Amino acid sequence: MAQCKEMTAGRTMPLIFKFALPLLLGNVLQQAYSLIDASIVGKCLGVNALGAVGSSTSVIFLILGFCNGCCCGFAIPVAQRFGARDYSSLRRYVYSSLKLTAVMSLSLALVASLLCACILRWMSTPEEIFVDSYWYLLVTFIGIPATFFYNLLSSIIRALGDSKTPFWFLLGSSVLNVVLDFFCILTLGWGVAGAAIATVFSQALSAVLCYVYMIKKYDILAGTAQERRMDAKYVKKLLSVGVPMGLQFSITAIGSIMLQSANNALGRDCVAAFTAAMRIKMFVICPAESLGIAMSTFAGQNYGAGKPKRVWAGVKSTFVMGMIYVAAISTVLFLFSDTITLLFVDASDTAIIANTVLANHVAATFLPMLALLCNLRYTIQGVGFTNFAMLSGVMEMIARTVVSVVFVPMYGYIAVCYGDSMAWCAACLFLVPAFCYVYGKTKKHEYVSPLKAED
């Protein structure tokens, strides 16, 4: 039997760090694959192919971000019921979420696949990369159910206090992904579409293995036939928590799409530089995201157990760890961005290298804001105030949209570089007072959670 772990007692920093470490390794592994994938595409297929992958990054985040957000939301009541030791309700949430995911993911895959070409036209995708962008996007959208189920199963397992098992499945998936990348691109000659096929197949296999493991190894999930049915009452609660979190990711992505659309209009070199910079940025923010996800589970369990003061202690511990990391990685970005960029393009592409370095230096300056954002947003989500987290996404969207519409036409690529950073700052301006409000309510027990134990 696999072990579930409660985080409702003990020193906060070691608990959160230990829980976050497999998450970090998993995120780093995932982003390392993303870097390798972009490197394979850029080196083997050329700058146009790299731009094709990058031109659809934001819209992929729009759709898959919604899936991931919903999955994280569906796991919140699981974590809270686990912390409260209400295992019957926990099982009902788990099995209702699995059935709900099947319906949502298939519907989303169908609609998104039909709209691929329209989306790329709306984003002003350059004609020379349009066809490759279309096939990459289409295959990714067809694979939405695989992504949705893998993220849900991983989130449920983490809600039970086990962050190691999802890492091992992700490790296997990433290794398979890289192997299939070379096979599909170099051996079969499927081009950019081959990279997407490799990703979808690897995630689908990982989702199946994750489900089999979870059902067989976690005795806490062995329930009655009644508990395994899709219950409308539990579905309603899952949607009330999951959909705002999914919308938060999607709303954030809308701003990213606006920013990427503005950048696409600047030409191929800017698109390629933006793609490389985003790959690097997503890699370096992994620890901040991992600490945030760990705080979501930590906050959920302790809120369910009626220990809001431990939530505040966790926030302080996570802040300290986040700032230590930010100081180290910012130094690396300032010193070695040009060398890192050579993973994606040749040394002769001097304009692309210069633009990528510029974007990395701007991001490094504002990373403290991102670390604070992840800490507060995931904590707020963990205690069930997902609407506040969604509103922070609205702030990000507004900031990116203003940069895209007002400043990119005026200042060009340099404005694109500041788009994400301004979004992080805008979100923090909302999240700091929002967290103070949420913590005050939970500490005084004035808020009645919509996820309270069933009578």
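A salt bridge here is a side-chain nitrogen of Lys or Arg within 4 Å of a carboxyl oxygen of Asp or Glu. Keep that cut-off in mind. This is a predicted model. On that criterion, the structure holds five salt bridges.

Let's go through three of them.

Start with Asp-420 and Lys-281. Their side chains meet in a salt bridge, at 2.7 Å from N to O. What does this pair link? Distant parts of the chain. Asp-420 sits in helix 16, residues 413–443, and Lys-281 sits in helix 11. They are 139 residues apart. Buried or exposed? Both Asp-420 and Lys-281 are buried.

Next, Arg-400. Its side chain also meets that of Asp-420 in a salt bridge, again 2.7 Å from N to O. Here Arg-400 is in helix 15 and Asp-420 in helix 16, 20 residues apart. This pair, too, is described as linking distant parts of the chain.

The closest N and O atoms are 3.2 Å apart. Where are the two along the chain? Both are in helix 15, residues 386–411. They are four residues apart, so about one helical turn separates them.

Now accessibility. The cut-off for buried is under 20% relative accessible area. Glu-396 comes in at 3%, so Glu-396 is buried. Arg-400 has 4% relative accessibility, and therefore counts as buried. Asp-420 is at 6%, so Asp-420 counts as buried as well.

Which residues are in the network? Lys-281, Arg-377, Glu-396, Arg-400 and Asp-420 are linked by salt bridges. As a general point, side chains of opposite charge can pair when their charged atoms come close.

Second topic: helix packing. Two packed helices are described by the angle between their axes and the distance between the axes. Take helix 10, residues 232–264, and helix 11, residues 268–284. Their axes come within 8 Å. They cross at roughly 145°. Who makes the contact? From helix 10: Leu-259, Gln-260, Asn-263 and Asn-264. From helix 11: Cys-270, Val-271 and Phe-274. By class, this contact has four nonpolar residues, three polar and no charged ones.

One link back to the first topic. Helix 11 packs against helix 10 through a contact without charged residues. Helix 11 also holds Lys-281, the partner of Asp-420 in helix 16.

Terms used: Residues are numbered from 1 along each chain as its sequence is written. This is a predicted model: local features need pLDDT of at least 70, side-chain atom pairs count only at pLDDT 80 or more; totals for chains, interfaces and linings use all residues. Side-chain values use heavy atoms; hydrogens and water are left out. Axes are lines fitted to C-alpha atoms, for helices over the stretch in contact, and angles run from 0 to 180 degrees between N-to-C directions. Helices (H or I, at least four residues) and strands (E, at least two) are DSSP runs, numbered from the N terminus. Contact means heavy atoms within 4.5 Å. Ala, Val, Leu, Ile, Met, Phe, Trp, Tyr, Cys and Pro count as nonpolar, Asp, Glu, Lys and Arg as charged, and the others, Gly among them, as polar. Buried means under 20% relative accessible area, exposed over 50%, partly exposed in between (1.4 Å probe, protein chains only).
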